[in-house]
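Welcome! Have a look at the structure first, and then read on.

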Amino acid sequence: MIPESIMGRVAHSAGIQDRWLVTLDVLSVYLLQHLNETGMLGHMCFKGGISLRKVFARLPSRFSRDVDFVDASYQHLSDIGLSAKEYYYKLLDAFDGQTIHDIHWKVKTLSEEELTGDSLRVDLHFFMYDDSPADGWETRTDNVLAFECSFRRPILLPTQRRELREESWFKNLEFIPSPVPVLQAEEAISEKVRATFQRNNPRDIFDLHQYGQAPFDQDLVRTLSVLKCWQDRGLYDGPKNFDPIEFFDNVTVANYSWDRLKSQVSQHAWDEPAALIKRLGERFSFLRELTTTEQELCDDRAKRKSAVHDELWEACKKRFANNEK
């Protein structure tokens, strides 16, 4: 584990209110490395807020509590990949009771019910420096790195292996961080569009803004967003799977609680919500330009038009392949 003095300097220089998030950010690199060394990254794809920070963002500035993945052992709606229970047992084998680079890990026991859903959350307890497990360690919350994996949706585009962005403290690691499997940028952005449409969480706004600072295929993002919303409606109960008018009408300052987000963002990168939303509206205005086929899928609330879904999916794969040439 990197020296405690180095950890303190990294946390101080991060410029965020919740400095514990910096510790979790460092621990995520150790987690990713061991997942890669045990072969688990051959079954899943790294995504979410830490993926944005570690791989995609030009100026990474938001920290996150959870390390998110999606099951990559299947590629189609009809395929059956690894189960949540299988992932859990792999995590037990890889981490529970193991000391890796002077970090001791314990995995909290899950019930059968917690292993049967369309997502898996496992609290990985870490003990470092002079800390060690004691009676009641399962109830602690100050040493938890949450592992989350989704099984709800297939990955729409081929994944890619990317290097983690070099950080100053990497020279103090006991290893050279391995490349990790991540979604294509357009698919990662479409995941965030879906999340923004289906819930009111300010981190989605900030993350979309960060994604928007990089170049991407706008038409591909729009179509993938429609596909994602058709595949999974989440808790959203509106009349359409996706509606760009409703999307932008809901993205207002008043619809979000910004205080918690502010504690996760480096002070130098914080921007007033009104300015953030204005830039997001300008950068993602292309979402309003739905094609007739995309609109048809947006209106298919009963999810009967799987053929339309497959037609758009095939078009996305061809467009992506052409972009790669």
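At what angle do helix 7 and helix 12 pack, and how far apart are their axes? In this predicted model, helix 7 (residues 218-231) packs with helix 12 (residues 306-324) at an angle of about 150 degrees, and their axes are 10 Å apart.

- The crossing of helix 7 and helix 12 is left-handed.
- On the helix 7 side, the contact includes Leu220, Leu224 and Trp230, and the helix 12 side includes Leu312, Trp313 and Phe320.
- The residues of this contact of helix 7 with helix 12 are eight nonpolar, five polar and two charged.

- The structure holds 27 salt bridges.
- One of them joins Lys54 to Asp25, with the closest N and O atoms 2.7 Å apart.
- This pair links distant parts of the chain, as Lys54 is in helix 3 and Asp25 is in helix 2, 29 residues apart.
- Lys54 counts as buried because its relative accessibility is 0%, and Asp25 counts as buried at 2%.
- Asp204 forms a salt bridge with Lys192, the closest N and O atoms being 3.1 Å apart.
- Both Asp204 and Lys192 are buried.
- Asp204 and Lys192 also belong to a network of salt bridges with Arg62, Arg199 and Asp207.

- Glu314 forms a salt bridge with Lys317, where the closest N and O atoms are 2.9 Å apart.
- Both residues lie in helix 12, three residues apart, which is about one turn of the helix.
- Glu314 counts as partly exposed at 38% relative accessibility, and Lys317 is partly exposed with a relative accessible area of 26%.

Note on methods
Residues are numbered from 1 along each chain as its sequence is written. This is a predicted model: local features need pLDDT of at least 70, side-chain atom pairs count only at pLDDT 80 or more; totals for chains, interfaces and linings use all residues. Side-chain values use heavy atoms; hydrogens and water are left out. Axes are lines fitted to C-alpha atoms, for helices over the stretch in contact, and angles run from 0 to 180 degrees between N-to-C directions. Helices (H or I, at least four residues) and strands (E, at least two) are DSSP runs, numbered from the N terminus. A crossing is left-handed if the near helix is turned anticlockwise from the far one by less than a right angle, and right-handed if clockwise. Contact means heavy atoms within 4.5 Å. Ala, Val, Leu, Ile, Met, Phe, Trp, Tyr, Cys and Pro count as nonpolar, Asp, Glu, Lys and Arg as charged, and the others, Gly among them, as polar. A salt bridge is a side-chain nitrogen of Lys or Arg within 4 Å of a carboxyl oxygen of Asp or Glu. Buried means under 20% relative accessible area, exposed over 50%, partly exposed in between (1.4 Å probe, protein chains only).
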